[in-house]
Amino acid sequence: MRILFISSFDSYFQNMKLMSESVKSAGNQAVIFFPREYPNVFSDIEECQISNIDYISWVSDAPVQLPTGNEVIKSLKNLFDRLGVLKIWNEIFRIMAIRKKLKELLTLNKINLMVMGGDIVGHDMAHYINVGHALAIRSVLAPQWFAGSKEPAETISHLSEYRAGVNINGALVLIKPRWKFKYGNVTLIRLPAWRMLILSFFGVNSPNPWVLHSGYSDAILVESEAAKSYALNLGIPRSKLIVVGSMSHDILYKGLQNLNKLDAPLGRSALCALPPNMFYDLNPARRGQFTSYEELVKFWIERIRIAFGSNFLVCIHPSSGEEVGELLKKFNAPYTMEKAINLIPHFDVYIASISATIQWALVCGIPVINYDVYGYNYPDYEGLDGVWTVVSKEDFGNALCEISLNDSCYKNLRERQKDGASDWGHLDGLAHSRIHDALKNIYRNGVR
């Protein structure tokens, strides 16, 4: 079995890397594919080189350009430019080139199965799946989170190109109503009409465009029963969902086994997963609490220090650059580039903001303070024992002090957390084996 693991976002790489190493150790062949540039892609490629992992990269290729070799093409380009439809021409040409290259890659490398971190509407994953199916190659998703309609709606609701009014967007959703969503007093379309029409042209329209991972993959590997229930509630077919755990669970398992090797810190300790800088595309209505990312970081560090003294560590988000480290130096905050997954078991409290990593603390039975600092109001962790969600500066400071200084509060939260930990995964160190068995079965027999 020869598997292509696709790393198209910075949050996908570690999972793809660990799975590729696992299936290779079981006697299969694995290749990591980097189809596009993302913030840390070159360091990820370097990690493959250092670890002697087979990989294929497109990120060094020159961007696909519209051909302009003769006068007819030039005239058409100028006409389309004046009509405002050049972007459609460019996008169709780009996708055709990608599909052709991918078909050649899959054939040349004799790929039997594709694994990717997710299927996001508007990105190229749907084309990967579609081209694979044309070659009788099944596609498997191994996502770390699911999301319903509220998440994309919140992200795009303030952008005019996603409004379905008296325009082509509005006309198109009359024909394809599943692409429409009413959010507050605004009617939205999941993608601008021109992009939606291009997807239709290539036959990769999502059956449920407002739900993450609801495309045409053959199977979805999920981490836990809790994740499966969440996916089912979003309308993802039960037949696609296979509970296997994740490579992250095996890392957590090892971390919990090695707790006695670490020096016990004085007092209660906290690991903080600092939220990334979202001010560049944040809905203006959500910027009320802070005027800049620097102000946000300063506030987080001040409040955590008041509650935990020097007994805390900050993890920098994988997509963040060196500038975040410089900010943390400015505020004398201890920080690390180490992945949160390797650190969570060794701390008493986990502090994050609407992060998929919260589920890792949940499976370890570690209490969480979830500060919805950008005001997304996502329902992901609503009503969960052991997760203390706050939405204001004052409540954040109070929650930190309570969980750090009030023993009964902490113990109560921890006990409640432990009771539901098994819903979030089974830490036995054997997730890698379940994942391999699932991939082998999907390759040979399909999902069931």
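Me: What is the order of the seven strands in the open sheet, and which sense of pairing do they have?
Reply: In this predicted model, the open sheet of seven strands runs in the order 3-2-1-4-5-8-9, and the pairing is parallel.

Me: Ok, and which strands are at the edges?
Reply: The edge strands are strand 3, residues 55–57, and strand 9, residues 241–243, each of which pairs on one side only. Neighbouring strands of this sheet are turned against each other by 25° on average, with direction ignored.

Me: How many bridges join strand 1 and strand 2?
Reply: Strand 1, residues 2–6, pairs with strand 2, residues 29–34, over five bridges in the parallel sense, and within this pair Ile3 stands opposite Ala30 of strand 2.

Me: Which strands does helix 1 touch?
Reply: Helix 1, residues 13–25, packs on the sheet and touches strand 1, strand 2 and strand 4 (113–116), while its direction makes about 165° with that of strand 2.

Me: And where does helix 5 lie?
Reply: Helix 5, residues 125–134, lies across strand 1, strand 4 and strand 5 (138–141), and runs at about 170° to strand 4.

Me: At what angle do helix 4 and helix 5 pack?
Reply: Helix 4, residues 86–108, packs with helix 5 at an angle of about 50°, and their axes are 10 Å apart. That angle makes helix 4 oblique to helix 5, and the crossing of the two helices is right-handed.

Me: Which residues make that contact?
Reply: From helix 4 come Ile95, Ile98, Arg99, Leu102, Lys103 and Leu106, and from helix 5 come His127, Tyr128, Asn130, Val131 and Gly132. The residues of this contact of helix 4 with helix 5 divide into six nonpolar, three polar and two charged.

Me: Switching topic: how many salt bridges does a search of the whole structure find?
Reply: The search finds twelve salt bridges. One of them is formed by Glu21 with Lys17, whose closest N and O atoms are 3.3 Å apart.

Me: Where do Glu21 and Lys17 lie?
Reply: Both Glu21 and Lys17 lie in helix 1, four residues apart, which is about one turn of the helix.

Me: Last one: how do the axes of helix 7 and helix 8 cross?
Reply: The axes of helix 7, residues 168–175, and helix 8, residues 193–202, come within 9 Å and cross at roughly 40°, so the two helices are oblique to each other. In their contact, Ile168, Asn169 and Leu172 of helix 7 meet Ala193, Met196 and Leu197 of helix 8, and these residues divide into five nonpolar, one polar and no charged.

Methods. Residues are numbered from 1 along each chain as its sequence is written. This is a predicted model: local features need pLDDT of at least 70, side-chain atom pairs count only at pLDDT 80 or more; totals for chains, interfaces and linings use all residues. Side-chain values use heavy atoms; hydrogens and water are left out. Two strands pair if DSSP finds at least two bridges between them. Axes are lines fitted to C-alpha atoms, for helices over the stretch in contact, and angles run from 0 to 180 degrees between N-to-C directions. Contact means heavy atoms within 4.5 Å. Angles under 35 degrees count as roughly parallel, over 145 as roughly antiparallel, 65 to 115 as roughly perpendicular and the rest as oblique. A crossing is left-handed if the near helix is turned anticlockwise from the far one by less than a right angle, and right-handed if clockwise. Ala, Val, Leu, Ile, Met, Phe, Trp, Tyr, Cys and Pro count as nonpolar, Asp, Glu, Lys and Arg as charged, and the others, Gly among them, as polar. A salt bridge is a side-chain nitrogen of Lys or Arg within 4 Å of a carboxyl oxygen of Asp or Glu.
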